[in-house]
Amino acid sequence: MDPTTPCPGCGYREVRYPGVGVAVIVRDGEGRVLLGRRAGGRRAGLWCIPCGRLEWGEEVRAAAIREFREETGLEVELAGVYDVHSNFHDPDRLTVGIWFVGRVTGGRLRPADGELSELGWFDPAQPPELAFPTDALVLRRLATEGQGQ
């Protein structure tokens, strides 16, 4: 149902809002970005900046740290927000994505929770095939600005 049109039978008006996604950008000493290959779903085999969804009642920075740890096995501290985009690549599950800059503080690099099958460091100007178009925007910005470390 169109959210602007009330139901003719009862007058109920459905309102939908996008979810919030969080991602953490980590770079190595050579400026490469840590990416993960998605293990399942419609985008299996494609790469992304480690990311996930905000849970109900969760603080956005805590969610970014949690998701990064769950997917990579690494602990990070956040330096700030790098970018924000509306994600329209899945019309049934719209999100607003927030990309944070992170610095590794501990842990062991490994695909920890099964959502990623492998992890690798990539030049942001030459990423592998990406799962999400907004990650391409973020990586392009990183490549042109040389920031986010």
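A polar atom of the Glu71 side chain lies 3.1 Å from the backbone nitrogen of Cys51, a polar contact being a pair of N or O atoms within 3.5 Å in which, within protein, one must be able to donate a hydrogen and the other to accept it, and in which residues adjacent in sequence count only if both atoms are side-chain atoms. The model is predicted: local features need pLDDT of at least 70, side-chain atom pairs count only at pLDDT 80 or more, and totals for chains, interfaces and linings use all residues. Residues are numbered from 1 along each chain as its sequence is written, and side-chain values use heavy atoms, with hydrogens and water left out.

Glu71 is buried yet has no salt bridge; Arg38, the nearest side chain of opposite charge, is 5.2 Å away. Here buried means under 20% relative accessible area, exposed over 50% and partly exposed in between, with a 1.4 Å probe and protein chains only. A salt bridge requires a side-chain nitrogen of Lys or Arg within 4 Å of a carboxyl oxygen of Asp or Glu. Not counting residues up to four places away in sequence, Glu71 touches, among others, Pro50, Cys51, Arg110 and Leu119, contact meaning heavy atoms within 4.5 Å.

Glu71 belongs to helix α1; helices (H or I, at least four residues) and strands (E, at least two) are DSSP runs numbered from the N terminus. Helix α1 comprises residues 60-72. Its buried residues include Val60, Phe68 and Glu71, and what covers the buried residues of α1 includes β1 (19-25), β5 (74-87) and β7 (116-122). At the N-terminal end, Glu59 caps α1. After α1 comes Gly73, with a positive phi near 80°.

The distances quoted for individual atom pairs are listed below.

| Pair | Distance |
|---|---|
| Glu59 side-chain oxygen, Arg61 backbone nitrogen | 2.8 Å |
| Glu71 side-chain polar atom, Cys51 backbone nitrogen | 3.1 Å |
| Arg16 side-chain polar atom, Asp92 backbone oxygen | 3.4 Å |
| Arg16 C-alpha, Leu94 C-alpha | 9.5 Å |

The largest nonpolar core has 32 residues, and those touching the most other members include Phe68 and Leu139. Such a core is a set of buried Ala, Val, Leu, Ile, Met, Phe, Trp, Tyr and Cys residues joined through side-chain atoms within 4.5 Å. Leaving aside neighbours within four places in sequence, Leu139 is in contact with residues including Val33, Leu35 and Ile49.

Arg16 lies in the segment before β1 and is exposed, with a relative accessible area of 55%. Arg16 touches Pro91 and Asp92, not counting residues up to four places away in sequence.

Methods: Expected span 1.5 Å × (residues − 1). Lys, Arg positive; Asp, Glu negative; His and termini not counted.
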